[in-house]
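Subject: Structure handover

Hello,

Here is the structure for you to take over. Please open it first, then read my notes below.

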Amino acid sequence: MINELLTDTTFSDLGVSPELTAVLTEAGFDKPFPIQAMTIPDGLAGADVLGKAKTGSGKTLAFGLPIVEGLERAEPFHPRALVLVPTRELAMQVTRDLEPLVGKVGFRLVTVYGGASMKDQIDALDAGVELLIATPGRLIDLMERRKAHLDDVAVVCLDEADQMADMGFMPQVRKIMAAVPDDHQTYLYSATLDSQVQELVDRYMTNPVTHSVEYENETVDTMEHRFLKVHYLDKPAMAAALSRSADRTLMFTRTKWAADDLTKRLRDLGVSAAAIHGDLPQ
């Protein structure tokens, strides 16, 4: 459903505790964004929440505030809440937003992602962590080393689920979710609800309360879309031809492996190409 945010709504009106409200006020957050006003009450009530809103709409606090409100003390290597994100950059952003809130209520937050010291992350998990923010690959590495156990997780958030699917993380997400108890609460936030995201909703959510924030001018009037149907063996040559038609070209692939493979094929065809994905320094 699509709701309007009342101008006199406050975080206190939504049920956020005074101690967390004080942290928000100090950080300059006096009024909730629409997606926050819609979803926080349902999250606090324990419902599964499905939120559709674009990046930058305030989704982190929309799921973060109810999660922090419900945290309980954790044992070493057994987090109580999990936020799964597709990239290191998003993990760091979620951490920046939620760390002051988690600290205010006397709990601990740990962030794990590839490209950082695994030893430091294991040491942090060993100290006990209530809220774990993780990218799929690094979390599975820790699970396989028996340094992250998800059997005490009571709430899971899949943030930017569409991006997670686009980056080829669905098998990892399924493996992680299989290790979480069945009776957990689930938040899923996404800018789009395509077939792969719908699969996550159908498999891991129970009667989710759905909220959507619609924005004006979501489309770009000056963009032209074209669909080219080619045999898969001809795709590298077609990509090379397209890249030569412009000074700079940006190409998206479904997985990191595909990005590396396409880069190699374009170089073989004489195109100067470089890959950007989560396992490479940028």
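The model is predicted: local features need pLDDT of at least 70, side-chain atom pairs count only at pLDDT 80 or more, and totals for chains, interfaces and linings use all residues. Residues are numbered from 1 along each chain as its sequence is written, and side-chain values use heavy atoms, without hydrogens and water.

Start with helix H4, residues 88–104. Helices (H or I, at least four residues) and strands (E, at least two) are DSSP runs, numbered from the N terminus. H4 has 17 residues and spans 24 Å from its first C-alpha to its last. That is close to the expected 24 Å, taken as 1.5 Å times one less than the number of residues. A kink of about 40° sits at Leu98, shortly before Pro100. The bend is the angle between axes fitted to the seven residues ending at a residue and the seven starting there.

Leu98 is also one of the buried residues of H4, along with Leu90 and Val94, among others. Buried means under 20% relative accessible area, exposed over 50%, and partly exposed in between (1.4 Å probe, protein chains only). The cover over these buried residues includes H1, H3 and strands E2, E3 and E4; contact here means heavy atoms within 4.5 Å. Just after H4, Gly106 has a positive phi of about 80°.

Next, strand E5, residues 155–158. Val155 and Cys157 point one way, Val156 and Leu158 the other, and all are buried. E5 pairs in parallel with E2 over four bridges, and four bridges also join E5 to E6, again parallel. Pairing needs at least two DSSP bridges between two strands. Val155 partners Ala81 and also Gln185 in E6.

There is one aromatic pair. Phe63 and Tyr189 have ring centres 5.7 Å apart and planes at 50°, so the pair is tilted. The rule takes Phe, Tyr and Trp rings (six-membered ring for Trp) with centres within 6.5 Å; planes under 30 degrees apart are stacked, over 60 edge-to-face, the rest tilted. Phe63 is in H3 and Tyr189 in E6, so the pair ties together parts 126 residues apart in sequence. Both residues are buried.

Last, there are 12 salt bridges, each a side-chain nitrogen of Lys or Arg within 4 Å of a carboxyl oxygen of Asp or Glu. Among them, Lys175 meets Glu144 at 2.9 Å, N to O. That pair links H8 to H6, 31 residues apart. Glu224 and Arg226 meet at 2.7 Å. Arg73, Arg108 and Glu130 form one network through shared partners.

Best wishes
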